[in-house]
Amino acid sequence: MSGLDPDQRLHPSRRNKTTASGDSSDAPELAKLPLQGLKLASHAVLEKAQERGRLKCSRCGGSRMFFCYTCCSLLGVNMQDIPVIKLPVKIDIIKHPNETDGKSTAVHAKILAPGDVTIYTYPCIPDYAKGQVVLVFPGPDAVSVQDMMRCLEDLTHSRSRGSSYEPRRKRLKTEDVQGAAEKPPSRPDEETGSESRTCPLQRVVFIDSTWNQTNKISTDERLQDLLRVELKTRKTCFWRSQKGKPDTYLATIEAIYYFLMDFREHCLAQEYNGEYDNLLFFYSFLHSVVNKAKTSAGKR
């Protein structure tokens, strides 16, 4: 487990509906804590589930709490009791086959935004259209979210002028971790609507893996033509540290959350007011549980 930066925080101007006190005198103290000030649904349902303890997943037989990270299904929690989020762009997560399911935060996104998130297990990767899809992954050629739309438009214009680029003809069968043979249906505006003409971005790809395992996926030829985007200024508060890696290397759910925040502000030109905070619904609760356990064990 990693030590957390006491000055690290997310949106200190907003208060957590579940945990934040109404006393304004608490604000300076809250600002010093990570994951405070988020606009979250109540964690009461998770607190009750935690009191009941682990349950057996009816599909895979695994002992789980809150959700089955193997089957991407809730366990001991009803769907109507958790937030369901509509995202402004489709999200694909390419999961390393050796990534430990129980340590991955990708399942959080799938459960909380089921209509917009698809998880594939490598080597299953869809065919992606250059100029319409980006890969969020650091690298020397990666651009910021602020510059992403301009770069996508440049790619689109180069193709319309007769670029030598041709889409791949050979297609690998894709595979969702839940066993679905097909991806969720596209929204009409993804292909023919007016929004697609003003916003060329159709899909965002994330890699779900330990950082030491990412090279095999990130260098796959099927991802090489995608514009890369890097979240250079964000810092992780994940409780599982990876030795030798900087704190700008984010957990999967953190990367999705931060990308969408920046996308809304810099690409859609809309003020961010907590619209995607509930993507951290499970993450923030587990963060508090882990830190309470560390405090009880005298590790903080």
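Student: Leaving aside its neighbours within four places in sequence, which residues is Thr105 in contact with?

Tutor: Please note that this is a predicted model, in which local features need pLDDT of at least 70 and side-chain atom pairs count only at pLDDT 80 or more, while totals for chains, interfaces and linings use all residues. Residues are numbered from 1 along each chain as its sequence is written, and side-chain values use heavy atoms, with hydrogens and water left out. Thr105 is in contact (heavy atoms within 4.5 Å) with Phe238, Ala251, Thr252, Ile253 and Tyr283, apart from those sequence neighbours.

Student: Why does Thr105 count as buried?

Tutor: Buried means under 20% relative accessible area, with a 1.4 Å probe and protein chains only. Thr105 has 4% relative accessibility, and therefore counts as buried.

Student: What lies 3.4 Å from a polar atom of the side chain of Thr105?

Tutor: The backbone nitrogen of Thr252 lies at that distance, 3.4 Å. For comparison, a polar contact is a pair of N or O atoms within 3.5 Å, where one must be able to donate a hydrogen and the other to accept it.

Student: Which strands are the edge strands of the open sheet?

Tutor: The five strands have the order S6-S5-S8-S7-S9, with parallel pairing. Strands pair if DSSP finds at least two bridges between them. The edge strands are S6 (117–121) and S9 (227–229), since each pairs on one side only.

Student: How many bridges join S5 and S6?

Tutor: S5 and S6 pair in the parallel sense over five bridges. In S6, Tyr120 is the bridge partner of Ile94.

Conventions:
Buried means under 20% relative accessible area, exposed over 50%, partly exposed in between (1.4 Å probe, protein chains only). Helices (H or I, at least four residues) and strands (E, at least two) are DSSP runs, numbered from the N terminus.
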